[in-house]
Amino acid sequence: MPTNTLTDTRCRTAKASDKPQKLFDGHGLHLYVTPAGGKFWRMAYRLDGKPKTISLGEYPLVGLADARVKRDGHRATLAAGDDPMVVKRVSRGTLTLQQAAEQYWDGRQDVTDKYRAEALSGIKMHLGALLAWPVGSIKRDDLLTELMAMNKVGLFSYVRKVRMWVSQVFEWAVELGHCAINPAALIRPEKAFGKAETESFASLPLPEVGEFLARVALEGDLQSVRANLMLAYTWARTGELRKMRFDKIDTDLWRVEKKVMKKRRAHLVPLSRQALVLVTEQRSRTRGEFVWPGRSLDTVMSENSILYLIHRCGYKDRMTGHGWRTIASTWANESGFSPDAIEKQLAHQPDDETRAVYNMAEYLPERRRMMQAWADWLDLQHANAVSQQG
């Protein structure tokens, strides 16, 4: 088998891909390149017929020449009948959680100084009882006990961050052979920790929707009036609607870019006939890229335009732009549409991580039917309210 086949240039220029890569140097030594771009030296070997792998350090902290020296040392250990992994654990000494956290986060040059300091501070502040422990001796229950103290005082969002930050430290420690498992990975945040009570956005009951639409229409031919109606037709969040662009409208679909979405995941919105009429009207009124421009064509309308419209109409504290999502969800559920189609239209992320990895077009035929039926229902409520007023 060829040996010493790698060069430092090849190691340095190796790029990450969708799958892990192994760049072999001979006698089991290889550079393991993760999809995230991490590079780690590993040596594969057999003992009593069983395959094993030992970590030799992170590249470029451990260079090619040093990795080969370590490989040859482990080969000598194998020739003497000993397991290099056992010998390494005995001779290595103990790395404490604090030392591991500092080494890992000090080495994270891909994040800002502020984020790096916040992560390290969070670990030291809330996991202080474990900082002096050898990182390999910390078990799941040890870590969970400290995290639950945060959960108990209501730090529901922050406890999830601390678990995430220390989990990355443990992953690094596992990779370098300082511990066998990542105890943080054994803790499921959605099961272990509570959630902060969220304040819901004001929204009207279904019977009052027609009267509200009729009142808003009295404000005249304003962009905010049309935007409010588009918000109703699409179930979009106000921030998403404001950044709506003409080049993202494909026939009867609005392709919302992931950078615009709250969850940073691209989203498809079927457009009803009524919504497409609004798009056509806006095309005739502006030559810019944004469907709902601000004072200049290269800006978007104010985030408070729709809210101020609602306040002028006398619905302050009773209705908001975001409230359309609640109203639409109530109507769709009462109308018997699939809960999955409804959640997909609202761009909600499922709690189940497997279901969260989905095709953007999932449930699209039903969503098209649902959105058209919803737009027709809104028009009917408006018309009925106007006729009753007349």
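Strands β3 (residues 39–47) and β4 pair in the antiparallel sense over 8 bridges, where strands are DSSP runs of E with at least two residues, helices are runs of H or I with at least four, and both are numbered from the N terminus. Two strands are taken to pair if DSSP finds at least two bridges between them. The model is predicted, so that local features require pLDDT of at least 70 and side-chain atom pairs count only at pLDDT 80 or more, whereas totals for chains, interfaces and linings use all residues. Residues are numbered from 1 along each chain as its sequence is written, and side-chain values use heavy atoms, with hydrogens and water left out.

The hairpin of β3 and β4 has 2 residues between the strands. D48 lies in the loop between β3 and β4 and adopts a phi near 55 degrees, a positive value in a residue other than glycine. With a relative accessibility of 74%, D48 counts as exposed; the cut-offs, for a 1.4 Å probe and protein chains only, are under 20% relative accessible area for buried, over 50% for exposed, and in between for partly exposed. The hairpin formed by β2 and β3 has 5 residues between the strands, and G37 in its turn has a positive phi of about 100 degrees. R42 lies over the face of Y32, at 3.8 Å from the ring centre; the criterion is that NZ of Lys or CZ of Arg is within 6 Å of the ring centre and within 35 degrees of the ring normal.The 4 strands form an open antiparallel sheet in the order β1-β2-β3-β4. Its edge strands, each pairing on one side only, are β1 (21–26) and β4 (50–58). From one strand to the next, the twist averages 30 degrees. Helix α2 (residues 64–79) packs on the sheet and touches β1, β2 (29–33), β3 and β4, its direction making about 15 degrees with that of β3. Contact denotes heavy atoms within 4.5 Å; axes are lines fitted to C-alpha atoms, for helices over the stretch in contact, and angles run from 0 to 180 degrees between N-to-C directions. Strand β3 is largely enclosed by the rest of the structure, because 7 of its 9 residues are buried. P60 is placed in the loop between β4 and α2, and the peptide bond from Y59 to P60 is cis, with omega near 10 degrees.

In helix α4 (residues 97–106), the buried residues include L97, A100, A101, Y104 and W105. These residues cover an arc of only 110 degrees around the axis, which puts them on the same side of α4; the arc is that of the directions from the helix axis to the C-beta atoms. An α-helix has 3.6 residues a turn, so residues three or four places apart point the same way. The buried residues of α4 pack against α5 (113–126) and α7 (156–175).

The structure holds 14 aromatic pairs. Rings of Phe, Tyr and Trp (its six-membered ring) pair if their centres lie within 6.5 Å, and planes under 30 degrees apart count as stacked, over 60 as edge-to-face and the rest as tilted. The rings of Y158 and W165 are edge-to-face, because their planes stand at 80 degrees, with the centres 5.9 Å apart. In this pair, Y158 is partly exposed, with a relative accessible area of 22%, whereas W165 is buried, at 1%. F212 and W324 form a tilted pair, with 5.9 Å centre to centre and 55 degrees between the planes. This pair links distant parts of the chain, as F212 belongs to helix α9 (residues 209–217) and W324 to helix α14 (residues 323–334), 112 residues apart. F212 counts as buried at 0% relative accessibility, and W324 is buried with a relative accessible area of 1%. Both residues belong to one aromatic cluster, formed by F212, W235, Y315, W324, W331, F337, W374 and W377.

A positive phi is also found at D317, which is not a glycine and has a value of about 70 degrees. D317 is placed in the loop between α13 (305–312) and α14. At 68% relative accessibility, D317 counts as exposed.
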